[in-house]
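My entries follow in the order in which I made them.

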Amino acid sequence: MSLNNINSFDLKTQQQIRDIVASLKLQRAGFRHADLEFSWPNAEHISKGDLKSMAGLQDLFFTHHFTSHRRWLGPWIILAKKISIGLLNRLLKISLVRQVELNQHLWNLALTVQHLEQRVLLLEQQQREMKVGDHQ
Amino acid sequence: MIANYKAVHQLLPSFSPRDAIGNEAVIMQRTLRGLGLRSEIFAEQGEAKGLDELFSTDLAQSALLYHFSIASTIPGRIAPLRLPKLVRYHNITPPWFFNSQGELVAQQACSLGRRQIPMVGVIADGILADSAYNAAEINPYSEKPATVMPLLRDYESLTQLAHHVDALPGSPALNRPALLFVGRIAPNKCQQDLLVLLHLAHKFISKDLRLILVGGFFSTDFHRQFCDLAAHLGLRIGADLQTDHGADVVIPRDVTDADMALIYRQARVFVSMSEHEGFGVPLVEAMFFDLPILAHRSSAVPETLGEAGLLVDKNDWPTTLAALKAIVQDEDLRSALTNAMRQRRKALSLSSGLQQFNQWLNSF
């Protein structure tokens, strides 16, 4: 049904409403919205218990994720991971073409690889940001 | 033709006859058995036969109907089977709504689930989507476009329950006009915006309004954030609808179907600020109770509502509040909305849904 027949508030009240909502910006900031960009959870907030609850390769990834913040070792770990993921991805590519006949474990593994690739890109971005931060 | 088959079995990641998807599976099972077919429900978890039992069942001349709503091992396990695979796509919440510590597992389940959409689309011989919004998500991966059919639910029985409860002596009444939202209290449903709306409504419409939220909290993090915001806005949260008259926000516990019917019946307006709905069962329930609806225009909400409610844009708070004021106070508008809802619910009724389901089955 159209909103045309609804009586709007006067301009002053409308501004008051906007001001009230704007004053709540800080309190509403923590809530997720569809228009926010995706960001990985803050690493410091992830407990060991959470890590254990995640299976297989993803655990491995997270473990590396934390250590990769080490300034000198980080880029090399990322390089090694990129190479290993690239190799793994090539190995899986033939199977991925025939997705229909994959069993679930293989499928999940393929997904995990894709997932890891995205995370590697994020890590690289974090590394770059860290370096920019150091220079500043 | 479905007549060529002897059985259509349904597969779900988890099954409970009380949730909307489980309830639909039961209705479908009843319908399939009514057509003379064998029909069982298999699930990875819940109150149904275990998924492993499917593989020890005689599957000759059988078809499978998979309810796809979250990541599971089902697509991978049924993909190699040489059987027709039908998919009921209920949509999967985008993972970016979940980002706190306690929501990590849900984030992973939704993330993996959404990555399974292409695979499910590829293996499906026929897809039934709750809404055109859902169909648009899976159509790029499937050979044949999905058929749109609203979620099957016996809304009429809920309204009949309300009549029954009303007739009981001493039926409790809500003593303050209430805004109602029904659904899991989770980031994608944006109940925090309902708190803001109530806060504004207290200032610009009436101090008497209260908010009723029916649903459990999705995570402790969201619970904490929600309570912090309520406290900041000076809104008191209570749990008892009948006795806690001072609470501005009521989140009743252990709500039965009868309670639910009574709440729908006595609320003043159904408000939804949800940012992601694959269909929106509570919107339709509200329609069946003649409860006027004000909703945020997002995902499948506009097509579920049709003309039977007021749609507002997110963050247009002055218009949202003006629309709320009109729905609460303008009897002419309420009456016009009621008429629109009565028209709309014909298309969403169980009998209409079953007719579509039968047509869809016969198209194979």
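**Helix 11 of chain B.** I looked up burial in helix 11 (residues 281-288) of chain B first. Eight of its eight residues are buried, so helix 11 is largely enclosed by the rest of the structure. I noted the buried residues as Val281(B), Pro282(B), Leu283(B), Val284(B), Glu285(B), Ala286(B), Met287(B) and Phe288(B). I take a residue as buried if 20 or more other C-beta atoms lie within 10 Å of its own, as exposed if 12 or fewer do, and as partly exposed in between, with C-beta atoms placed from the backbone. Helices (H or I, at least four residues) and strands (E, at least two) are DSSP runs, numbered from the N terminus. Asp290(B), which follows helix 11 of chain B, has a positive phi near 55°.

**Conventions.** The model is predicted, with local features needing pLDDT of at least 70 and side-chain atom pairs counting only at pLDDT 80 or more, while totals for chains, interfaces and linings use all residues. Residues are numbered from 1 along each chain as its sequence is written, and chains are lettered from A and ligands numbered from 1 in the order in which they are written.

Cys190(B) has a phi near 55° and sits in the loop between strand 8 (178-182) and helix 8 of chain B. Is Cys190(B) buried or exposed? Cys190(B) is buried, because 25 other C-beta atoms lie within 10 Å. Asn315(B) is not a glycine either, and its phi is about 70°. I found Asn315(B) in the loop between strand 14 (310-312) and helix 13 of chain B. Asn315(B) has 13 C-beta neighbours inside 10 Å and therefore counts as partly exposed.

**Helix 8 of chain B.** Helix 8 (residues 191-204) of chain B has 14 residues and reaches 20 Å from first C-alpha to last, close to the expected 20 Å at 1.5 Å a residue. That expected span is 1.5 Å times one less than the number of residues. Eleven of the 14 residues of helix 8 of chain B are buried, among them Gln191(B), Asp193(B), Leu194(B), Leu197(B) and His199(B).

**Helix 8 against helix 13.** I then looked up how these two helices of chain B pack. The angle between helix 8 of chain B and helix 13 of chain B is about 65°, and their axes are 10 Å apart. Axes here are lines fitted to C-alpha atoms, for helices over the stretch in contact, and angles run from 0 to 180 degrees between N-to-C directions. The crossing of helix 8 and helix 13 of chain B is right-handed, the near helix being turned clockwise from the far one by less than a right angle. On the helix 8 side of chain B I listed Leu197(B), Leu200(B), Ala201(B) and Phe204(B), which meet Trp317(B), Thr320(B), Leu321(B) and Leu324(B) of helix 13. A contact requires C-beta atoms, placed from the backbone, within 7 Å.

**Nonpolar cores.** Which residues touch the most other members of the largest nonpolar core? They are Ile212(B), Val269(B), Val271(B), Leu294(B) and Leu324(B), in a core of 109 residues. Helix 13 (residues 317-329) of chain B gives the most to this core, with eight residues. Domain 1 (2-148) and domain 2 (155-348) of chain B both give residues to this core, so the core lies between them. The domain bounds come from an automatic or database domain assignment. A core here is a set of buried Ala, Val, Leu, Ile, Met, Phe, Trp, Tyr and Cys residues joined through C-beta atoms within 7 Å. Leaving out residues up to four places away in sequence, Val271(B) touches Leu179(B), Phe181(B), Leu194(B), Leu197(B), Leu294(B) and Leu324(B). Another core, of six residues, lies apart from the largest one and includes Ile70(B), Ala71(B), Phe98(B) and Cys110(B).

**Domains of chain B.** The centres of domain 1 and domain 2 of chain B, taken over C-alpha atoms, are 30 Å apart. Their contact takes 16 residues from domain 1 of chain B and 13 residues from domain 2 of chain B.

**Gln225(B) and chain A.** Gln225(B) lies in helix 9 (residues 220-232) of chain B. I noted contacts from Gln225(B) to Gly30(A) and Phe31(A). Chain A itself has six helices and zero strands, and 11% of its 136 residues count as buried.

Terms used:
Two residues are in contact if their C-beta atoms, placed from the backbone, lie within 7 Å.
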